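Reader: I would like to go through some of the labels used for this structure. For each, please give the value and the cut-off behind it.

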Amino acid sequence: MPEPPTPQPSRRVFLRRTAAFAAASAAVAIWPPAPARATPEAMQRAIRAVLGEAEARPSKIMLDIPALVENGNAVPLTVSVESPMSEEDHVKAIHIFNERNPQPHVISITLGARAGRAKVATRIKLADSQQVIAIAEMSDGSFRSGSADVIVTLAACVEDLQ
Amino acid sequence: MTARIMASVPAHAKRGEAIEIKTLISHPMESGYRVGPNGTMIPPDIIRLFTCTYNGEEVFRAELSSAIAANPFLSFFTTAVASGTLAFRWTGDNGFEATHIAEITVE
């Protein structure tokens with residue numbers, strides 16, 4: 001006996017399904033997955049991971065970064081730490097963090113007495129107006145901190161290619 | 001594809017002088033947080049580590065995150081101790097590796 005033909009979905013059902021699918025696709029297009037954002041709390045956790053039990057004293061670190069940035073894709077940043085950079089007293093490491101990029105960590109630099117000067121420069125991306133924090137680890141095990149506030153008008157990192 | 005590298009190292013220096021070194025390398029530094037044209041996330045592709053060795057001894061190291069701008073620029077100081085070579089090395093995602101060597105004469 002031949003099989004009865006499979007009932008085709010009626011036109012109404014088809015239209016309803018199409019509409020539902022279109023609505024679902026539109027929802028995806030309008031609300032793409034929210035980009036991950038670091039929070040000031042995430043930054044504090046990242047800083048804590050560097051400091052351990054110690055506390056950072058805010059002193060003698062200069063962050064040279066424009067206060068108002070038009071394009072967050074490449075923001076010049078210079079960090080310098082006041083230090084004699086001698087064998088007994090020098091900067092061992094400099095860590096830089098940000099508040100509102102997807103990741104709180106920016107860069108970690110290891111140097112030593114041989115550096116002569118504790119001054120480094122690079123270019124960073126900033127996804128939003130935020131605070132940039134530098135932590136310096138000194139040869140005696142103490143930490144220093146410095147910060148700068150930046151206003152960004154065109155964000156970086158999370159812009160889409162659409 | 002080989003990365004373009006620019007490095008500025010003084011050719012001559014006095015012993016004990018702190019010399020400034022500037023390096024620039026062509027690299028997209030794709031953060032991994034951007035959505036591509038097809039709606040999927042673009043996978044991260046960044047340089048993770050930069051090192052500078054002076055006559056074989058490491059004098060500077062930088063661990064980079066995705067917040068470093070494309071075509072990473074780094075400038076730093078080192079003390080001129082002896083004539084010889086400064087070797088720069090960048091390594092990163094997808095097996096990225098690049099090196100550059102500069103000569104320095106110290107009087």
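Labels and their grounds

Author: This is a predicted model. A:Met85 is buried, with 22 other C-beta atoms within 10 Å.

Reader: Why is A:Met85 called buried?

Author: The label buried needs 20 or more other C-beta atoms within 10 Å. A:Met85 has 22, so A:Met85 is buried. A:Met85 sits in the loop between strand 4 (75–81) and strand 5 (91–98) of chain A. Phi of A:Met85 is near 50°, which is positive, and the residue is not glycine.

Reader: What makes B:Asn94 exposed?

Author: B:Asn94 has 8, so B:Asn94 is exposed. B:Asn94 also belongs to a loop, the one between strand 7 (84–92) and strand 8 (96–106) of chain B. Its phi is near 55°, again a positive value in a residue other than glycine.

Reader: Why is strand 6 of chain B called mostly covered?

Author: Strand 6 of chain B spans residues 73–79, and five of its seven residues are buried.

Reader: How do you know that strand 3 of chain B pairs with strand 6 of chain B?

Author: Pairing requires at least two bridges between the strands. Strand 3 (residues 18–25) and strand 6 of chain B have seven bridges, so they pair, and the sense is antiparallel. One of the bridge partners in strand 6 of chain B is B:Phe76, which goes with B:Ile21.

Reader: What makes strand 7 of chain A a partner of strand 6 of chain B?

Author: The cut-off is at least two bridges. Strand 7 (residues 118–124) of chain A and strand 6 of chain B have two, so the pair qualifies, also in the antiparallel sense. Here A:Thr122 stands opposite B:Leu74.

Reader: How many residues of chain A are in contact with chain B, and what makes a contact?

Author: A contact needs C-beta atoms within 7 Å. By that criterion 33 residues of chain A are in contact with 26 residues of chain B. Strand 6 (105–110) and strand 7 of chain A each supply at least two residues of the side that touches chain B. That side of chain A divides into 16 nonpolar, 10 polar and seven charged residues.

Technical notes. Residues numbered from 1 in each chain as written. Chains lettered and ligands numbered in written order. Predicted model: local features only at pLDDT ≥ 70, side-chain atom pairs only at ≥ 80, totals over all residues. Helix = DSSP H or I, 4+ residues; strand = E, 2+ residues; numbered from the N terminus. Buried ≥ 20, exposed ≤ 12 C-beta atoms within 10 Å, placed from the backbone. Contact = placed C-beta atoms within 7 Å. Nonpolar A, V, L, I, M, F, W, Y, C, P; charged D, E, K, R; others polar.
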